[in-house]
Amino acid sequence: MGLGVSLILIAAGAIMAWAVHVSTTGFNIHTVGYILLVVGIIGALLSLIFWSNWAGPGYFLRRERVVDDRY
């Protein structure tokens, strides 16, 4: 799960938890919103942790060019 998906989950969870005012029987939409919010936050934190371990975007583009003058 990338950072973009995490932000979408956070937004959807916040909308379901705080902006939707509906009552149903046997299904609490606010609880689902809080679950999506927590999963999105955990996913975003894990994405940021692994992103810093892999040196971030563009890591493989920063290679040094080695020129061999023997030939």
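I began with Y34, which counts as partly exposed at 40% relative accessibility. The model I am reading is predicted.

**Entry: the aromatic pair.** I searched the whole structure for aromatic pairs and found one. Its rings belong to W18 and Y34. I looked up the two values that describe such a pair, the distance of the centres and the angle of the planes. The centres lie 6.1 Å apart and the planes stand at 80°. Planes over 60 degrees apart count as edge-to-face, so I logged W18 and Y34 as an edge-to-face pair. Next I noted where the partners sit. W18 is in helix α1 and Y34 is in helix α2, 16 residues apart, so I wrote that the pair links distant parts of the chain. I also checked the cover on W18. W18 is exposed, with a relative accessible area of 53%.

**Entry: helix α1.** I turned to α1, which runs over residues 3–19 and has 17 residues. From first C-alpha to last, α1 reaches 23 Å, close to the 24 Å expected at 1.5 Å a residue. Which residues of α1 are buried? I listed S6, L9, G13, M16 and A17. They cover an arc of only 100° around the axis, so they lie on the same side of α1. I recalled that an α-helix has 3.6 residues a turn, so residues three or four places apart point the same way. Then I looked at the face turned away from the buried side. That face of α1 carries the exposed residues L7, I8 and W18.

**Entry: the loop.** I moved on to V20, in the loop between α1 and α2. V20 counts as partly exposed, at 24% relative accessibility. I then took the C-alpha distance from V20 to G33. These two are 13 residues apart in sequence and 9.5 Å apart in space.

Entry: What makes up the nonpolar surface patch of about 460 Å²? I wrote down V38, I42, L46, I49 and F50. V38 lies in helix α2, residues 29–53. V38 is partly exposed, with a relative accessible area of 46%.

Technical notes
Residues are numbered from 1 along each chain as its sequence is written. This is a predicted model: local features need pLDDT of at least 70, side-chain atom pairs count only at pLDDT 80 or more; totals for chains, interfaces and linings use all residues. Side-chain values use heavy atoms; hydrogens and water are left out. Patches are made of residues with over 30% relative accessible area and no salt bridge: like charges are joined within 9 Å, nonpolar side chains (Val, Leu, Ile, Met, Phe, Trp, Tyr) within 5 Å. Accessible areas come from the Shrake-Rupley method with a 1.4 Å probe; for residues, only the protein chains shown count as cover. A salt bridge is a side-chain nitrogen of Lys or Arg within 4 Å of a carboxyl oxygen of Asp or Glu. Helices (H or I, at least four residues) and strands (E, at least two) are DSSP runs, numbered from the N terminus. Buried means under 20% relative accessible area, exposed over 50%, partly exposed in between (1.4 Å probe, protein chains only). The expected span of a helix is 1.5 Å times one less than its number of residues. The arc is that of the directions from the helix axis to the C-beta atoms. Rings of Phe, Tyr and Trp (its six-membered ring) pair if their centres lie within 6.5 Å; planes under 30 degrees apart count as stacked, over 60 as edge-to-face and the rest as tilted.
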